[in-house]
Amino acid sequence: MAHAVISCLHANLAAVEAVLDDIDQQGIETITCLGDRVGYGPQPNEVVELVRQRAIPTCQGCWDEDIIDGLNACECSYPSQLAERRGHLAHQWTEAKMTEDNKAFLASLPTSLRRDKLLFVHGSPNSQHEYLLPDMNAFAALERVETAGAETLFCGHTHQPYVRELRGGSIRVRVQHHDSSSSEEQEMTLPMRRIVNAGSVGEPRHGNTQATYVIHDEATGDLTIREVNYDVAKTCQAIIDAGLPEVFAWRLSHGFEYAERADDASHVCER
Amino acid sequence: MERWALVSGLGGDLEVYEQIQRELKKSRGLERLFVLGDLIGPRHNSDALLKRLQEPERGDLQPECIYGWWEEQLLAERGYRGERTAEALRINHGNDAVEGLLTSVDSGHMTWLASLQFGFIELDCALLHGSSADVGDELKPTSSPLILLDRLTRLDVNRLFTARSAQQFRLDLNGGAIDSHIKDLNGEQNQQQAAPKRSVIGIGSGELFSLYAPGSDHIEFLKAGGKPVSRGLGFG
């Protein structure tokens, strides 16, 4: 059975509608959402209500968390101070715009969902704010999946879709105990694990403006990254009409991050 | 050759600290003393030790301290950690332990305790109480090598000194590799990554302490008032 995984909707109603249509057209009935329904985009209530209406199981993203708890992440969530200031503007706008009912709904979301050996999170099993980038140290990436007791980890947060398979791994260790001058050597064979990043429906940053999501065929194990066209200009206009920073519209119309990349994107927020 | 003394888990016991200081005076080449947390504990009144750490006596090797799990619990319970309280202590040891801890430290030491750092980075070494993930993280010889490598990678260090497990050990990650296959919208690529050669070193606790020579990567495990527990491990 195939299921679809979507992430980072970011209050972009046109993109969400287009992706849900694409999923429906393929006859896929099971959808999982990895959070960030709101933030940056102009239609937070509409997007939250649409996903609620469709009863799509969702875990909580960093934006969903921050709208409820206040800005709770350290500055590591943003790649620069400029990006942080813009992010705070979007946060204030979204918080003022959202209904109390929708905020209460976001507050009720779990931080992870599990189905057998499949684990669904927003950032990483450690934190909604941790970025699992495709070039992250392979051993550290494997540790995230293995420590969480999963075989395949679905995540979002980076807005860059990818499928990463970690296989054929081993680590040799030598242990010397305090009371012995001899040492023990052993080799640990590492299991094969996968990390699947669903990209972003509402704010793609993979170098293209199309919304992305992934389809996983549980029977064959196949994973497909889908790109979906939607009316980008419509959402850009809505951003400007809403009074949100124009750079968010610029970013949507280019499909990549305006600001510089974080120096240490894999940093785990400690707050 | 420069050497460091690594101590932890004093638990307020001034006698053990004085014994260690006496033994350090006999050692050659010792330049620095790192006290990796758990200065305090519920069993002893910690005030005398805390005073000695802040105001070393003449001839003492100057201690450089970080906070440990017990300090974290005290700081949380006394309101220095936002809304958190000493929940971990309460769950694991009960309310009596919380009360014992509160009465073992005079409030006059709180500002100093609150100023202590999570850890030190010296050369390519991380000196921590638990690990780079958490002050309460117990790294042991039996910990998964994946977890150990992760804790080293988070700080990008070659040596991680830890005290939380109270054990003295040296674990060298000395080889291995992993294949990474990445598929994205631009295509597919394969990479092989070699496991870096790095080490996690447990320094012991209380009367068990360690000496480390960063120049030779030589570790020596000792017991205060006793003979060396080991004659030296590493590449010295």
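**Exercises: chains A and B, from contact to fold**

Helix 6 (residues 138-147) of chain A packs against helix 7 (residues 145-155) of chain B at an angle of about 130°, their axes 9 Å apart. The model is predicted: local features need pLDDT of at least 70, side-chain atom pairs count only at pLDDT 80 or more, and totals for chains, interfaces and linings use all residues. Residues are numbered from 1 along each chain as its sequence is written, with chains lettered from A and ligands numbered from 1 in the order written.

**Exercise 1.** Classify the packing of helix 6 of chain A and helix 7 of chain B.

Step 1. Take the angle of about 130°. Axes are lines fitted to C-alpha atoms, for helices over the stretch in contact, and angles run from 0 to 180 degrees between N-to-C directions.

Step 2. Apply the classes: under 35 degrees is roughly parallel, over 145 roughly antiparallel, 65 to 115 roughly perpendicular, the rest oblique. The two helices are therefore oblique to each other.

Step 3. List the residues that meet. Helix 6 of chain A brings Phe139(A), Ala140(A), Leu142(A), Glu143(A), Glu146(A) and Thr147(A); helix 7 of chain B brings Leu146(B), Ile147(B), Leu149(B), Asp150(B) and Thr153(B). Contact requires C-beta atoms, placed from the backbone, within 7 Å.

**Exercise 2.** Which element gives the largest share of the side of chain A that touches chain B?

Step 1. Size the contact: 34 residues come from chain A and 32 residues from chain B.

Step 2. Find the contributors. Helix 6, strand 6 (162-177) and strand 10 (223-228) of chain A each supply at least two residues. Helices (H or I, at least four residues) and strands (E, at least two) are DSSP runs, numbered from the N terminus.

Step 3. Pick the largest share: strand 6 of chain A, with 16 residues.

Step 4. Find the partner strand. Strand 6 of chain A pairs antiparallel with strand 7 (residues 168-184) of chain B over 13 bridges. Pairing needs at least two DSSP bridges. Val175(A) has Leu171(B) as its bridge partner.

**Exercise 3.** Trace strands 1, 2 and 3 of chain B.

Step 1. Strand 1 (residues 3-7) of chain B runs parallel to strand 2 (residues 30-36) of chain B, joined by 5 bridges. Arg3(B) stands opposite Leu30(B).

Step 2. Strand 2 of chain B also runs parallel to strand 3 (residues 63-66) of chain B, through 4 bridges. Here Val35(B) stands opposite Cys65(B).

Step 3. Strand 1, helix 1 (residues 14-26) and strand 2 of chain B make a right-handed β-α-β unit. Right-handed means that, with the strands pointing away from the viewer, the path from the first strand over the helix to the second runs clockwise.

Note on methods: Two residues are in contact if their C-beta atoms, placed from the backbone, lie within 7 Å.
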